[in-house]
Amino acid sequence: MTAIDVADSRQVERARVQAARKGTLGRVALYVMAFGAAFLAAGPFLWGIITMFKADPDLYTKANNPFIFNQAPTLKHVDFLFTGTPFTTFLWNTVWVGLLVVAITLVVSLPAAYSLARLDMPWAGPLGIAIFFVYLVPPTLLFISLSRVVVELGLQDSTWSLVLVYPTITIPVSVWLLIGFLSSIPRDIEEQAMVDGYSRVGAFVRTVIPLAFPGIVAVVVFAFTLTAHEFIYALTFVSPSAHKTISIGVPTELIRGDVFFWQSLQAAGVIVAISIAFVFNLFLGRFVSGFTQGAVKG
Amino acid sequence: MAGLSLKRAAVTAGRRSLGDREGLLAPLFLLPAVIYIFALVAVPFVLAIGFSFSDVTAGDPSFDWVGLDNYRAIFDDPVFWRSLRNTFVLTGVSMVLVVVLAKALALILVADFRGKWLVRLLVLLPWTTPISLAAVAWLWMLDSIFSPIDWVLRSLGLIESNTFWLGKPDLAMASVIAVQTWRIVPLAAVIIMAGLISLPKEVDDAARVDGAGFWRKLWEITIPLMLPVIAVAALFGAILTFTDMTVVYVLTRGGPNNATQVLSSWAYFKGIEGGSLAQGAAVALFLFPLLLAAAIAILRLVRRMRVS
Amino acid sequence: MPEPRRAGNGGGPEQRKAVVIEARGLKKHFEAGGEVFAVDGVDFATREGEYLVLLGPSGCGKTTLLRMLAGLEEPTEGEILIGGHVVNGLPPRARQIAMVFQSYALYPHKTVLQNIVFPLKAEKMDKKERRAKAQWAAELLGIGDLLNRKPRHLSGGERQRVALARALVRDPSVFLLDEPLSNLDAKLRTSARNELRMFQERLGTTTIYVTHDQVEAMGLGDRIAVMYEGKVRQMGPPEEVYEHPADTFVATFLGSPPMNLVDRGDHLLGFRPESLLPAELVPGDGSRTIMSLRVSRLEYLGGERHVHGIVSGIAGETLVIARLPAGVDTRVDPGETYEFAVQERDLRFFDGATGARTDPRPVRA
């Protein structure tokens, strides 16, 4: 934008019109990009939503327009998903594994993060870095040796193997996140509690934990998400159908040989995706601030 | 605050209960985490190294040293080299795409407009959905007969029959890259967005007053200041892509003919499905050096961000 | 700061003619607050080349007003005129204004030279011209030898000068300054204040300056606009605003310690601490008001004494402060009661309900 002479009214008027036009163009571009992005991101799921209600003859005719219902939509396949497949079992397994993993993660990570953030021990710094490095050792590296460990512990083919192993994925990240949160709580509050008569642990439980609540929420959401996503450990450790989680159950059980129950498959994907997305969005505001705090203090 | 620390000193001097012994508390609080990590990460890691030098299989779990035999075997295997190459290509290409798209998406997410909540919800779907389920959704999108993409292309007259998205080697690779990019962009965008928000607003205002238009402001001010954050996002995305086997497993099983095989998926096929635990472990270990390099890079960047 | 060269001295291009900024019925409200009006009806017009100070406590709307003048925010209602033309809808650059922010807002990844040159890139100037102009601005502000440094290697005072150079280099018609001295050490502040004013006088550019520090405002402004809750309470030269405040807010905001206010039912009686002196030092019988002061505390501040006490005889008992300069040796002890007086011409009267200034009322009981 070049300078104009404010004393020249014609120039001022022209500049104003130009600015207004640029403004509207910018708004239009923004909307196009925003909804375009949304469409690209959600495309497969939007398509899945349509698919899951389609009748077989409609779906399996190549020439039919895939985006409209050429025949009446049906709930048959969604029904089949819940009654004719182990889908509900998968859901249930994922939920209880998730809850247990979250509980274990919190119980282990919170004190650890507190120790590193607050109790100034000289080795706190290097240990924090060590935790970060552990986070980077991926399941795809450890799964083979862990499979032997699981067998030795007699947990082969049991969902409990997942309850045992998943915290290794969730704990490092959670500790890292929580350190960020805890560092931002002023020490004065704990010291006040200690002056008021509580022990260090008492002060921790009574003052720090309530204040770190947003961080705890972030950890819960994150840990649950990681549990629901995890694939390779579940694939390696668990084979009986009744013990599978959603993540492996859906791709392995609902694709039997060459017969794909596409509608039910898509229904499964869509239902899980949208549920998690809603929960995530509820916590998103908190989550972003939690992540930022954790990352910046990191 | 002097009064407070005086009182506190008196308190700690008076009370010697467990709840106060900080010297003891610190390691105690850390112990569960350390034990967990040690038992289920460090030990298996060492075990994996050990396995790679052994002859352990699923059928015969006895441990016998075989020296470098496994490594020789996988080096002789062209599929291994294919996997190695694919892993790098996949990660590299998708990361470039992710950075560009995530930056654009971050800018969109910080802007204000109607329906923002809906866009936010939809845009996060690729990230919040379990990877395998997202891959299943794509499996259907890219189906060799019923792909809606093909249907649209056919209706537009651009193609005759079907594009075998997952059936032809190059297309399959492109598909895998596309899916990985698609699922990582939301995460990268959130990280970049967090960085954008923490930029001092007055610098942005000053640029506006100084006459910088949208593009100049972006190129000369915003992006240079955001480089560390963008790099961190890219590295995280790279790590997640590099170590992932789910997308490949669900979409192509590594095919056609191992054209889309990556290190982690190949380790699975060799080690678990193939039963040769030792060779699988050896293959998987090749992930580690690059992860280490990426981790060090991230740490350096984060440190630099905190200083400036 | 070295002696700045006058325009036309081979230093820089000719300065623009100083312009007048006007605000007409300006209002700004933010969605988030609902019905909260950050700026609630502001009208004023500067004079050419004037140094106008917007003074008020935090939250009074002064920064929002400045940002609207700059073009960083659009008003909800009302018009802004620069040089006689309505500039609503024009982006900041097109308004020919320059702004210095509280934190200076230097581009941290660019050198001082690059910072100063940045606004010039928007004009069609070639590289050599740009550099020459930046050099001129830098030397005018005495930072010519810092051109290759990055902001993080500069002191607070140096950063401020870079911000000024960056503003200067555009030949703006108006300078907008948002509390630019508040980030400096207290010691630096007084000398920086002085330099800033001299700088502006030589350039002759119309300047609007925002601050919450009333001492700064009084020392710098040709006129002061006192703002509170989104409105301008009073605008005028420092003397007028200090000696004849338009309402109780202005009366108590300016002056330290603030004006004493005594409640007399339907109106308030006000007099400044420096007007409250021991009775024997206030001449004249018919034109002074006498009151009893029971001293509660005495503060010795070196150059003056502050006497805190309860006054009676003109209304109910009220806590007031009297300011005795160093030359006044009268003995004053806590716990004792003395006769103090105020000249009648130093009394101010404010309406009890609205706080606005009213005509004098009879004082004797």
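Why is strand S8 (residues 206–211) of chain C largely enclosed by the rest of the structure? Six of its six residues are buried, so the rest of the structure largely encloses S8(C); buried here means that 20 or more other C-beta atoms, placed from the backbone, lie within 10 Å of the residue's own. Strands (E, at least two residues) and helices (H or I, at least four) are DSSP runs, numbered from the N terminus.

The model is a predicted one, in which local features need pLDDT of at least 70, side-chain atom pairs count only at pLDDT 80 or more, and totals for chains, interfaces and linings use all residues. Residues are numbered from 1 along each chain as its sequence is written, while chains are lettered from A and ligands numbered from 1 in the order in which they are written.

Chain C, with eight helices and 18 strands, has 365 residues, of which 41% are buried. Its C-alpha atoms fill a box of roughly 75 × 45 × 35 Å along the principal axes.

Back at S8(C), cover is found on both faces: C:Thr206, C:Ile208 and C:Val210 are buried on one side, and C:Thr207, C:Tyr209 and C:Thr211 on the other. In a regular strand the side chains alternate between the two faces of the sheet.

Two pairings of S8(C) can be described, where pairing requires at least two bridges found by DSSP. Strand S3 (residues 51–55) of chain C runs parallel to S8(C) over five bridges, with C:Tyr51 opposite C:Thr207. Strand S7 (residues 174–178) of chain C also pairs with S8(C) in the parallel sense, over five bridges, and there C:Leu177 has C:Tyr209 as its bridge partner.

Methods
Buried ≥ 20, exposed ≤ 12 C-beta atoms within 10 Å, placed from the backbone.
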